[in-house]
Amino acid sequence: MSSIPYIWYCKLDRMAKTKYLFPYNSRFIGLALILVHIPIKLLWDAYYPGGYDHNNPTSPGSETPLFSPPHLFFIGTTLMVLVGLFLIAFSKEKIEDEQIVQLRLDSLRWAIYLNYAILLFTLVFTHGSDSKHILMLNIWLPLLFFIFRFQWVLYRLNRSAKSDETKL
Amino acid sequence: MKNNIRVERAIINITQAELAEKVGVSRQTINTIESNKYIPSTVLTLKIARVFGKPVEEIFSLEETD
(Lines give C-alpha, C1' and ligand atoms only; values in the text may rest on other atoms or scores of the structure.)
Protein backbone atom coordinates (compact mmCIF):
# COMPACT_ATOMS: atom_id res chain seq x y z
CA MET A 1 0.00 0.00 0.00
CA SER A 2 2.91 2.32 0.66
CA SER A 3 4.13 2.05 -2.94
CA ILE A 4 1.01 3.69 -4.45
CA PRO A 5 -0.73 6.90 -3.32
CA TYR A 6 -3.53 6.24 -0.82
CA ILE A 7 -6.20 7.89 -3.00
CA TRP A 8 -5.41 5.47 -5.86
CA TYR A 9 -5.57 2.60 -3.45
CA CYS A 10 -9.07 3.72 -2.34
CA LYS A 11 -10.19 4.02 -5.97
CA LEU A 12 -8.90 0.55 -6.85
CA ASP A 13 -10.56 -0.89 -3.78
CA ARG A 14 -13.90 0.68 -4.70
CA MET A 15 -13.62 -0.57 -8.30
CA ALA A 16 -12.95 -4.09 -7.12
CA LYS A 17 -15.99 -3.95 -4.87
CA THR A 18 -18.46 -2.53 -7.40
CA LYS A 19 -17.46 -5.08 -10.10
CA TYR A 20 -18.91 -2.85 -12.85
CA LEU A 21 -22.49 -4.06 -12.54
CA PHE A 22 -25.74 -2.12 -12.78
CA PRO A 23 -27.96 -1.71 -9.70
CA TYR A 24 -30.48 -4.47 -8.98
CA ASN A 25 -33.53 -2.50 -10.18
CA SER A 26 -32.08 -1.73 -13.61
CA ARG A 27 -33.18 -5.23 -14.74
CA PHE A 28 -36.78 -3.98 -14.69
CA ILE A 29 -35.86 -0.98 -16.86
CA GLY A 30 -34.20 -3.42 -19.27
CA LEU A 31 -37.26 -5.65 -19.38
CA ALA A 32 -39.50 -2.60 -19.94
CA LEU A 33 -37.29 -1.43 -22.85
CA ILE A 34 -37.58 -4.82 -24.56
CA LEU A 35 -41.34 -5.07 -23.96
CA VAL A 36 -41.92 -1.49 -25.20
CA HIS A 37 -39.91 -2.17 -28.36
CA ILE A 38 -42.35 -4.93 -29.45
CA PRO A 39 -45.49 -2.77 -30.06
CA ILE A 40 -43.32 -0.01 -31.60
CA LYS A 41 -41.87 -2.50 -34.06
CA LEU A 42 -45.30 -3.97 -34.85
CA LEU A 43 -46.78 -0.52 -35.49
CA TRP A 44 -43.86 0.44 -37.73
CA ASP A 45 -44.21 -2.77 -39.72
CA ALA A 46 -47.95 -2.14 -40.11
CA TYR A 47 -47.30 1.36 -41.49
CA TYR A 48 -44.35 0.38 -43.67
CA PRO A 49 -44.94 -3.11 -45.05
CA GLY A 50 -41.85 -4.73 -46.51
CA GLY A 51 -39.76 -4.88 -43.36
CA TYR A 52 -36.31 -3.61 -42.52
CA ASP A 53 -34.34 -5.19 -45.29
CA HIS A 54 -35.98 -3.11 -48.01
CA ASN A 55 -35.68 0.14 -46.08
CA ASN A 56 -32.37 -0.27 -44.33
CA PRO A 57 -29.53 1.55 -46.16
CA THR A 58 -27.01 -1.09 -45.12
CA SER A 59 -28.87 -3.84 -47.02
CA PRO A 60 -27.44 -4.62 -50.44
CA GLY A 61 -29.29 -2.84 -53.25
CA SER A 62 -31.13 -0.44 -50.94
CA GLU A 63 -31.50 3.17 -52.06
CA THR A 64 -32.55 4.54 -48.66
CA PRO A 65 -30.12 7.27 -47.52
CA LEU A 66 -28.19 7.05 -44.26
CA PHE A 67 -30.01 8.36 -41.15
CA SER A 68 -33.34 8.46 -43.00
CA PRO A 69 -36.39 7.59 -40.82
CA PRO A 70 -36.22 3.82 -41.53
CA HIS A 71 -32.52 3.78 -40.70
CA LEU A 72 -33.02 5.83 -37.53
CA PHE A 73 -35.85 3.49 -36.56
CA PHE A 74 -33.58 0.51 -37.07
CA ILE A 75 -30.83 2.10 -34.94
CA GLY A 76 -33.34 3.06 -32.25
CA THR A 77 -34.98 -0.33 -31.89
CA THR A 78 -31.66 -2.19 -32.00
CA LEU A 79 -30.30 0.07 -29.26
CA MET A 80 -33.44 -0.43 -27.17
CA VAL A 81 -33.13 -4.22 -27.32
CA LEU A 82 -29.37 -4.18 -26.76
CA VAL A 83 -29.46 -1.78 -23.82
CA GLY A 84 -32.37 -3.77 -22.39
CA LEU A 85 -30.46 -7.05 -22.66
CA PHE A 86 -27.34 -5.49 -21.12
CA LEU A 87 -29.31 -4.11 -18.17
CA ILE A 88 -30.95 -7.48 -17.54
CA ALA A 89 -27.74 -9.47 -17.97
CA PHE A 90 -25.45 -7.26 -15.90
CA SER A 91 -27.57 -6.01 -13.03
CA LYS A 92 -26.50 -7.00 -9.52
CA GLU A 93 -28.30 -9.74 -7.64
CA LYS A 94 -29.95 -8.80 -4.33
CA ILE A 95 -26.97 -10.25 -2.48
CA GLU A 96 -24.04 -10.20 -4.89
CA ASP A 97 -21.63 -12.55 -3.08
CA GLU A 98 -18.61 -14.50 -4.28
CA GLN A 99 -20.60 -17.56 -5.35
CA ILE A 100 -22.82 -15.39 -7.56
CA VAL A 101 -19.69 -13.89 -9.12
CA GLN A 102 -18.42 -17.37 -9.91
CA LEU A 103 -21.75 -18.48 -11.41
CA ARG A 104 -21.87 -15.28 -13.46
CA LEU A 105 -18.42 -15.86 -14.93
CA ASP A 106 -19.24 -19.52 -15.56
CA SER A 107 -22.37 -18.60 -17.52
CA LEU A 108 -20.44 -15.97 -19.46
CA ARG A 109 -17.87 -18.59 -20.46
CA TRP A 110 -20.60 -20.93 -21.73
CA ALA A 111 -22.18 -18.06 -23.67
CA ILE A 112 -18.83 -17.39 -25.39
CA TYR A 113 -18.36 -21.10 -26.19
CA LEU A 114 -21.83 -21.36 -27.72
CA ASN A 115 -21.50 -18.10 -29.61
CA TYR A 116 -18.21 -19.09 -31.23
CA ALA A 117 -19.51 -22.57 -32.06
CA ILE A 118 -22.50 -21.06 -33.89
CA LEU A 119 -20.36 -18.36 -35.47
CA LEU A 120 -17.87 -20.91 -36.82
CA PHE A 121 -20.63 -23.24 -38.01
CA THR A 122 -22.52 -20.51 -39.84
CA LEU A 123 -19.35 -19.01 -41.34
CA VAL A 124 -18.45 -22.38 -42.83
CA PHE A 125 -21.90 -23.33 -44.07
CA THR A 126 -23.49 -20.05 -45.22
CA HIS A 127 -22.69 -17.38 -47.76
CA GLY A 128 -24.08 -14.20 -49.33
CA SER A 129 -27.01 -12.49 -47.66
CA ASP A 130 -27.16 -15.14 -44.94
CA SER A 131 -23.94 -13.73 -43.44
CA LYS A 132 -25.88 -10.59 -42.53
CA HIS A 133 -28.24 -12.69 -40.48
CA ILE A 134 -25.26 -14.16 -38.62
CA LEU A 135 -24.34 -10.64 -37.59
CA MET A 136 -27.89 -9.98 -36.38
CA LEU A 137 -27.88 -13.28 -34.48
CA ASN A 138 -24.51 -12.47 -32.91
CA ILE A 139 -25.80 -9.19 -31.55
CA TRP A 140 -28.26 -10.75 -29.13
CA LEU A 141 -27.53 -14.48 -28.88
CA PRO A 142 -24.58 -14.42 -26.41
CA LEU A 143 -26.40 -12.03 -24.07
CA LEU A 144 -29.67 -13.96 -24.27
CA PHE A 145 -27.97 -17.30 -23.70
CA PHE A 146 -26.01 -15.84 -20.79
CA ILE A 147 -29.21 -14.50 -19.18
CA PHE A 148 -31.04 -17.83 -19.49
CA ARG A 149 -28.11 -19.91 -18.31
CA PHE A 150 -27.37 -17.64 -15.34
CA GLN A 151 -31.04 -17.45 -14.24
CA TRP A 152 -31.37 -21.21 -14.57
CA VAL A 153 -28.30 -21.80 -12.36
CA LEU A 154 -29.65 -19.33 -9.79
CA TYR A 155 -33.02 -21.07 -9.86
CA ARG A 156 -31.36 -24.44 -9.24
CA LEU A 157 -29.28 -22.97 -6.41
CA ASN A 158 -32.39 -21.58 -4.71
CA ARG A 159 -34.28 -24.82 -5.17
CA SER A 160 -31.54 -26.98 -3.64
CA ALA A 161 -31.21 -24.54 -0.71
CA LYS A 162 -34.98 -24.68 -0.16
CA SER A 163 -35.17 -28.49 -0.25
CA ASP A 164 -32.28 -28.59 2.22
CA GLU A 165 -34.16 -26.28 4.54
CA THR A 166 -37.17 -28.60 4.70
CA LYS A 167 -34.87 -31.53 5.48
CA LEU A 168 -33.40 -29.86 8.55
CA MET B 1 -12.24 -29.39 1.20
CA LYS B 2 -14.66 -30.42 3.92
CA ASN B 3 -16.03 -28.46 6.86
CA ASN B 4 -18.06 -28.82 10.04
CA ILE B 5 -19.98 -25.55 9.82
CA ARG B 6 -23.25 -27.39 10.49
CA VAL B 7 -21.90 -28.71 13.81
CA GLU B 8 -20.39 -25.35 14.77
CA ARG B 9 -23.69 -23.64 13.98
CA ALA B 10 -25.51 -26.05 16.25
CA ILE B 11 -23.04 -25.32 19.08
CA ILE B 12 -23.65 -21.57 19.08
CA ASN B 13 -27.26 -22.14 17.97
CA ILE B 14 -27.56 -19.96 14.85
CA THR B 15 -29.33 -20.69 11.55
CA GLN B 16 -27.82 -20.64 8.04
CA ALA B 17 -29.53 -17.31 7.44
CA GLU B 18 -28.05 -15.76 10.58
CA LEU B 19 -24.54 -16.95 9.74
CA ALA B 20 -24.99 -15.69 6.17
CA GLU B 21 -25.95 -12.25 7.45
CA LYS B 22 -22.97 -12.13 9.82
CA VAL B 23 -20.43 -12.84 7.05
CA GLY B 24 -22.24 -10.87 4.31
CA VAL B 25 -23.23 -13.61 1.83
CA SER B 26 -26.53 -15.17 0.79
CA ARG B 27 -28.07 -18.09 2.69
CA GLN B 28 -27.71 -20.23 -0.44
CA THR B 29 -23.95 -19.76 -0.32
CA ILE B 30 -23.74 -21.01 3.29
CA ASN B 31 -25.96 -23.91 2.25
CA THR B 32 -23.73 -24.94 -0.66
CA ILE B 33 -20.60 -24.60 1.50
CA GLU B 34 -22.13 -26.88 4.15
CA SER B 35 -23.01 -29.49 1.55
CA ASN B 36 -19.49 -29.28 0.05
CA LYS B 37 -20.74 -27.98 -3.30
CA TYR B 38 -18.94 -24.65 -3.12
CA ILE B 39 -15.41 -23.88 -1.91
CA PRO B 40 -15.37 -20.49 -0.18
CA SER B 41 -12.62 -17.93 -0.71
CA THR B 42 -9.93 -17.34 1.90
CA VAL B 43 -11.65 -14.12 3.00
CA LEU B 44 -14.94 -15.93 3.54
CA THR B 45 -13.37 -18.86 5.45
CA LEU B 46 -11.62 -16.37 7.76
CA LYS B 47 -14.89 -14.49 8.32
CA ILE B 48 -16.75 -17.71 9.12
CA ALA B 49 -14.00 -18.80 11.53
CA ARG B 50 -14.21 -15.42 13.26
CA VAL B 51 -17.96 -15.87 13.84
CA PHE B 52 -17.29 -19.19 15.60
CA GLY B 53 -14.27 -17.78 17.44
CA LYS B 54 -12.02 -20.65 16.31
CA PRO B 55 -8.99 -21.00 14.01
CA VAL B 56 -9.80 -21.84 10.37
CA GLU B 57 -8.24 -25.32 10.61
CA GLU B 58 -10.75 -26.38 13.23
CA ILE B 59 -13.65 -25.68 10.88
CA PHE B 60 -12.21 -26.35 7.40
CA SER B 61 -9.91 -29.23 6.48
CA LEU B 62 -8.38 -30.66 3.31
CA GLU B 63 -9.55 -33.94 1.81
CA GLU B 64 -7.45 -36.71 0.21
CA THR B 65 -8.38 -35.52 -3.29
CA ASP B 66 -7.42 -31.85 -2.73
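In the predicted model, helix H2 (residues 26-47) of chain A and helix H4 (residues 69-89) of chain A have axes that come within 7 Å and cross at roughly 155 degrees. Axes are lines fitted to C-alpha atoms, for helices over the stretch in contact, and angles run from 0 to 180 degrees between N-to-C directions. H2(A) and H4(A) are therefore roughly antiparallel to each other (angles under 35 degrees count as roughly parallel, over 145 as roughly antiparallel, 65 to 115 as roughly perpendicular and the rest as oblique). The crossing of H2(A) past H4(A) is left-handed, a term used if the near helix is turned anticlockwise from the far one by less than a right angle. Residues of H2(A) that meet H4(A) include Ile29(A), Leu33(A), His37(A) and Trp44(A); among their counterparts in H4(A) are Phe73(A), Met80(A) and Leu87(A). Contact requires C-beta atoms, placed from the backbone, to lie within 7 Å. By class, 13 nonpolar, five polar and two charged residues form the contact of H2(A) with H4(A) (Ala, Val, Leu, Ile, Met, Phe, Trp, Tyr, Cys and Pro count as nonpolar, Asp, Glu, Lys and Arg as charged, and the others, Gly among them, as polar).

Chain A has six helices and zero strands, helices being DSSP runs of H or I with at least four residues and strands runs of E with at least two. Of its 168 residues, 12% count as buried (20 or more other C-beta atoms within 10 Å; exposed, 12 or fewer; partly exposed, in between). Among contacts in chain A between residues at least 6 apart in sequence, 70% join residues at least 24 apart.

In chain B, the axes of helix H2 (residues 16-23) and helix H3 (residues 27-34) come within 8 Å and cross at roughly 110 degrees, which makes H2(B) roughly perpendicular to H3(B). Gln16(B), Ala17(B), Leu19(B) and Ala20(B) of H2(B) contact Arg27(B), Thr29(B), Ile30(B) and Asn31(B) of H3(B).

The contact between the chains takes 11 residues from chain B and eight residues from chain A. H3(B) gives the largest share of the chain B side, five residues. Thr32(B) lies in helix H3 of chain B and counts as partly exposed because it has 19 C-beta neighbours inside 10 Å. Beyond its neighbours within four places in sequence, Thr32(B) contacts Gln99(A), Leu157(A), Lys37(B) and Tyr38(B).

Residues are numbered from 1 along each chain as its sequence is written, and chains are lettered from A and ligands numbered from 1 in the order in which they are written. Local features need pLDDT of at least 70 and side-chain atom pairs count only at pLDDT 80 or more, whereas totals for chains, interfaces and linings use all residues.

Notes:
Contact = placed C-beta atoms within 7 Å.
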